[in-house]
Structures are given as C-alpha cells and as structure tokens.
Amino acid sequence: MVAAINDALDIALGADETVHIFGEDVGVMGGVFRATDGLQAKYGVERVFDTPLAEAAIVGMGIGMGLAGLKPIAEIQFAGFLYPALDQILSHVGRFRHRTRSRYHLPMVIRAPYGGGVHTPEQHADSPEAILAHTPGVKVVIPSTPADAKGLLLSAIADPDPVFFFEAIKLYRSVKEEVPVGDHRVPLGKARLVTRGDDVTVVCYGGMVEVAQKAAEAARTAGIGVEVVDLRTLVPMDTETVLASVAKTGRVVVVTEAPRTGGFHSEISATIAEEAIEYLRAPIVRVTGFDAPYPPFTAIEDVYRPNPVRVARAIKQVMAY
Amino acid sequence: MTPPKSAPTQPEASETDLGYQAAQAAYDAAQQDTNMVQIVAPDGSVVRPDLLPAPDIRLALYRQMRRARHFDERGWVLYRQGRLGVFPPFGGMEASQVGTAAALTKNDWLFPTYRDTGAALTLGLPIARTLAYWRTSPHGWHMPADLKVLPFYIPIATQYPQAVGAALAERRKGTRNVAMAFIGDGGSSEGDFHEALNFAGALNAPCVFILQNNGWAISVPTRTQTRATDLSRRADGYGIPGVRVDGNDALATYHVTAEAVDRARRGEGPTLIETVTYRVKPHTVADDPSRYRTEAELEGWDAKDPVLRLRTHLLQEGLMTEASEAELLAEIAAEFEAALQEADSYPDPTPAEILDHVFAEPTPQLRQQRAQILAEEQQ
Ligand SMILES: Cc1ncc(C[n+]2csc(CCOP(=O)(O)OP(=O)(O)O)c2C)c(N)n1
C-alpha cells in the first residue's frame, strides 16, 4: 500500500506545481515508512522538504500555505503525534471556509499513519480518527487497499477542503495488489462492498477491513452470509450504502480498533439506530479496542486490537439473538 | 499557477552530503567554540585543571559511563537475539547523560526521553526494570518507590513543561529538590520546549534543562532543524542562563550540571544546558541510517569517544590502572547478567492487564471489558 501512496503523491506533484509535501523526515529519508521515497530527489527541496520537529507548526504553516494558494500535503509521522497540533486543528483547520464565508478555504491534506498490529512503542499505535471526525469542516479518509489508497489520496488532494488521510501502518507492506496506473480516482464519500451477504452487515474501515474479511470467510463456511462494508471515508460518511445493507440483513456488527467510549463506531451505530431501527433484528454489536491506552506490550498487544475471532464471535452473537 | 520562488528552506541534498557532513561540521565547529565548557580535551589532556571534579567523583563517573556503555552494547546483542525490543541506542552519548544525571540525588526528579537510558541508570533505575521496559513488559513501568524517575517519554517535548511543574511543587513544599528534564536538538523545536523555558524563568522554577544536541533528529541534521547554531543561547530569549558544554566530556557535563543544580537548590532558578555531542549509532536499533549517512563516514568517531576520553584521563592521572579497570569491567558485566536473569524471571503479562491502572477505581465500562476479556480467554 505504501507504494500506491508514493505513486499518488508522485502523480500529484507532477500534475500540479502548487503541491508541496513537508513533515518530519519526508525529504532526504523519504519518510520513516518510505511513503515519500524519491520525491525530494525528483521534485526538489522546495517542494518536498523536511521541517523542524514541531507538529503544531507543520499544521499551522500548512494552513497559511493553503490559504495563500498552495496545495499543502503535510505528513504527521504517526497519528499519535497529531496531538501537539490539536490547537491548530481544532481551532482552525476546519473553520476557514465557514469563518470567511468561503472567501478563503483550505485545500490541505494531512497524512498520518495510524493503528496497531505491528508492535510499535507507546503512542505509536493510536487511532484518533474520532477526534477528527468530530471536528466540523474536516474530511476524514481511511483506505484499506492499495488501489483505494491511491484513488482516495488523489481525490483528497483534489478536494477544495481539508482532508485527514489516515494510513493503517499494518497495511503498508502486508497488502499487495495491482494498482491502476495514472490518475486513478476513488470519490470521497462512497463506501465499498467488500463481500456480499444476506445475514449480517459488518461496517469497518482501514486496518479492520481485512480482519472483518477473514471473519466473514469463516462465517461463510458456517453458512452465514456476511456483507462487509468498508466505509473508506468517515466524513463524509456513505450512510446510504450502510443503510441499504442493513435493510437487507437486519443485523449489524461495527468494527474499529479505537478505544470503545466515544469512538466513530458509536456514530455508525447511532446512525443505524436512528435511520433503520425498524430493520434491526438484533442489537448492534461493536467490536473495538478498550478504554485503556493502546498497550505496547508485545506479549498481549493482540488482545487489544480486534482480530477475526472476536469479529466472528460478534457475528455469531447477532445471529443468535 | 507557478509558486513564488523563495529561498530554499534547506541545503540541497546531494549524493555526497546526505546531511552527515552538516551534522559533523556543526559538531566540529562547536568544538572550536571558546564559550563551550571543556575540562578534558579529546586526547585526554586537561585543559581546565581548575574545574576538575574530585578524584572519587571522576572514578564514580567512569563506573557509571561503563555501566551505561555495557547496557548499550549488550542491548544490541539482546535485540538481535530477540530478547529485547526495538530501543534507541545512546552509545557515544554517555558523557552527556551520565555526567548530567550524576549531579542529582535520589530526591530529585528525572524526566528522561526514550534515548536517556544512560541517565536513568545513573540515577539508580534498576537495570532489570530498564531491560523490562525495552522488552515492552509492564514490569518496566514499575518505578522503584525511592526514585522519582518517570518512564521514558515517547512523545517529544511533553516532558519539559511537566518538569517545570514538578520543580515548582518541590519549591512549594519547601524542599530543595530540583527537576531535570532531557530533550534532543530536534525536540527543542517543539512549542512545549519554549513554553517550558519561559514558564521556568517567569516562575523561577528549580529546573535543570538538558538539551542533548547529538546532531540528528532521525534523518534531519541540526542545520536543517534550525538556523540557530548555538542552542544554549535559546535560554537568552527567556532570561535564564544557558550553558554550552562539550557533551563528550563527562567531567565537563558533570561540572556545569552540578553548578546548575546548586543554583536551582539555592532558589536562583532554571538553567538550560546544551550538551554538544554526536549520535554515532542509528536512531533506533531498527533504523537504517544509510538512507541519510554512510557508515564509512563515521570513521574517526572513536577518537571522540567519551568513555575512552575519561579512561585516558584516569590512566594518565594514575587514578585507575589497567588492572583496576579490568576488575571494574568484570563487576559491571556480572551486575548486568544478574539483572538480565531477574528480567528473564518477570512473568509475561496476562491479557486482562491491558486494562490495569487506567483509573484508581475501574469504571463500570472497564469492569465489563475485563469480564469480556476473561470470558474470551475461556473460549
Ligand atoms: C511529538 C512527536 N513527534 C514525532 C515523533 C517521532 N520521532 C521520534 S524520535 C524523533 C526525532 C527526535 O530527535 P531529537 O529530538 O533530536 O532526539 P534524538 O532522537 O536525536 O535523541 C521523531 C521525529 C515523536 N516521538 N513525538
């Protein structure tokens, strides 16, 4: 997946002179995950550059660049290190169009690797997407396949509004597939049906999609048809696709690796409860992380992050209701 | 649309200079800086006899430097054997960490970053606990009751304002205890660093800020990080003393830090100390520095090695013989192996432990989540 992201950034830099990429270690080193590998050599140090180590300034500077007509693409090295920039994000990123009555807008993309599954140190595995989704005026995108990563990133870059683009660290090198060449786009706000089935809808995104897929396969061998819906974007959320699936299956499992309380899974569940309660044949079940910091303890990290067994169990639970 | 042409934000990266020369040049330039405190020159000769610490202190510093070096070297081997997780080495920075932390007592606070294993060991963090931390075991998070050392900080710069708070609390309680916080040259770009220095000055907090300038923030040399060339002068902006010291000279780092600690204890406020050193090792044991520097370029760093420098000095002064050193090294190796055995004896955490220590009283939600984990374990 990381190659697909690199490809998208390369295409964007080649197509539009206003595109600028910056962040910690994105230049000479090509990013700690190599997402920007080779781009500084190809496009120069003015367009792809290393910044000092300061997330608030990375985002704040990006805001200024965007207001003044450039296309900033900032990288935050790990989503867990977005926090120093939260003042800039919560106070400003989503508000410019609104507070200037569209005189100014912010065509900025902020990329951040997120999530667990690869045994990182403390705070490197956080899933803070709900904080961003809860911030008016920003879009939130989380791809689950290489082709989607490329297509969604190019759409995010073309978008006139600020977009947070979360990349599941677990998927960077573990998933491989052919990716369409050239300016491949996947529209924001359109979910993807990963598998089709009549019995249970599993709503998920990013790193949880392959987990849900494995659970769906296991369920299929047990004769249960599971429809896995990959949201792709949390904001805007493709409510229509989710509700259409729920209307068909009547049973819902929502999967994220974020902490349980106040997560985006709750938003998904509430939306379904509000809009489709009459179709529900069982209570919605959430499979999530826990209300504790993501553990860096290699021996038990996997307890925190939902796995196919936990999702399969939830599928059984909604079937048995 | 054509973007406006502006001055390049950083020097061109070329095949021959991937930042390495910038970092090395900055180190060498600092070594020429006559304001930089140095007591023993790289060749072991004494340049400031008037500042030499007492012989027993010099020997104690050597012992701690060797303990730290031993941890770093054995850590690499243990990592390769799969007995230690990814950890950030600090070999080459022992003088910067040991000399500074050695100026504290156990009543003082230490706020170390992930890189500061050597400082934590010096203040007394048990080797077994330190190994456990880098093994990703919760046993590495249990700090001894007689120490005020925080677990290694992973997010950068957050520890700086916290140290100011701890220092103020000590003053409010009427003690003479101080707080010491570490940060890197990269970390000194964060807002938290600047806010903390300003607070500490404004509130006269008994704080000692150590800024280890090791030339790098992962792949970014200090020259790309900031246009400032003397980071100790950042103190000027906040009205507090700034001291620049040879970070590879343990006697010098000890001397300036002990002075700063004394000043803080006397109620004279905070000090910023820039230790000019160099990160000889990769960023972490898993980092591949060939992306930004070539290993061949590291030749010559042995001559600047802080451990060897103090060794030469001690041998020249007759404070240590090769025989007494051999005894010391054997003792340190034995201490380490005993600690390793202790760390090996710590049990693996159990699944429900991921929910421990979130609140004093678990919330109903946490209780339910614990029940869920236990139930799932049964299945
Ligand atoms: C807030 C925050 N941003 C980014 C990171 C990722 N990161 C870890 S170490 C590092 C470089 C730090 O360099 P420096 O402060 O000079 O310390 P050194 O590693 O050289 O000791 C970065 C960017 C982090 N840990 N925390």
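This is a predicted model: local features need pLDDT of at least 70, side-chain atom pairs count only at pLDDT 80 or more; totals for chains, interfaces and linings use all residues.

Reply: Residues are numbered from 1 along each chain as its sequence is written, chains are lettered from A and ligands numbered from 1 in the order in which they are written, and side-chain values use heavy atoms, with hydrogens and water left out.

Me: Why is T271(B) called buried?

Reply: Buried means under 20% relative accessible area, exposed over 50% and partly exposed in between, with a 1.4 Å probe and protein chains only. T271(B) has 0% relative accessibility, and therefore counts as buried. T271(B) lies in strand β8 of chain B, residues 271-276; a strand is a DSSP run of E with at least two residues, and a helix a run of H or I with at least four, numbered from the N terminus.

Me: What joins the side chains of T271(B) and R263(B)?

Reply: A polar contact of 3.0 Å joins them. The term requires a pair of N or O atoms within 3.5 Å; within protein, one must be able to donate a hydrogen and the other to accept it, and residues adjacent in sequence count only if both atoms are side-chain atoms.

Me: Where does the ligand lie, and which residues that surround it are the closest?

Reply: The ligand lies between chains A and B. It is surrounded by 20 residues, the closest being E55(A), Y114(B), R115(B), G187(B) and W216(B); a residue is near a molecule or strand if one of its heavy atoms lies within 4 Å of it. A polar side-chain atom of E55(A) is 2.5 Å from a nitrogen atom of the ligand, and one of N214(B) is 3.0 Å from an oxygen atom of the ligand.

Me: How much of the ligand does the protein bury?

Reply: Taken alone, the ligand exposes 580 Å², and the protein buries 95% of that. Such areas come from the Shrake-Rupley method with a 1.4 Å probe; for residues, only the protein chains shown count as cover.

Me: What is the make-up of the shell around the ligand by class?

Reply: The shell has 9 nonpolar, 6 polar and 5 charged residues. Ala, Val, Leu, Ile, Met, Phe, Trp, Tyr, Cys and Pro count as nonpolar, Asp, Glu, Lys and Arg as charged, and the others, Gly among them, as polar.
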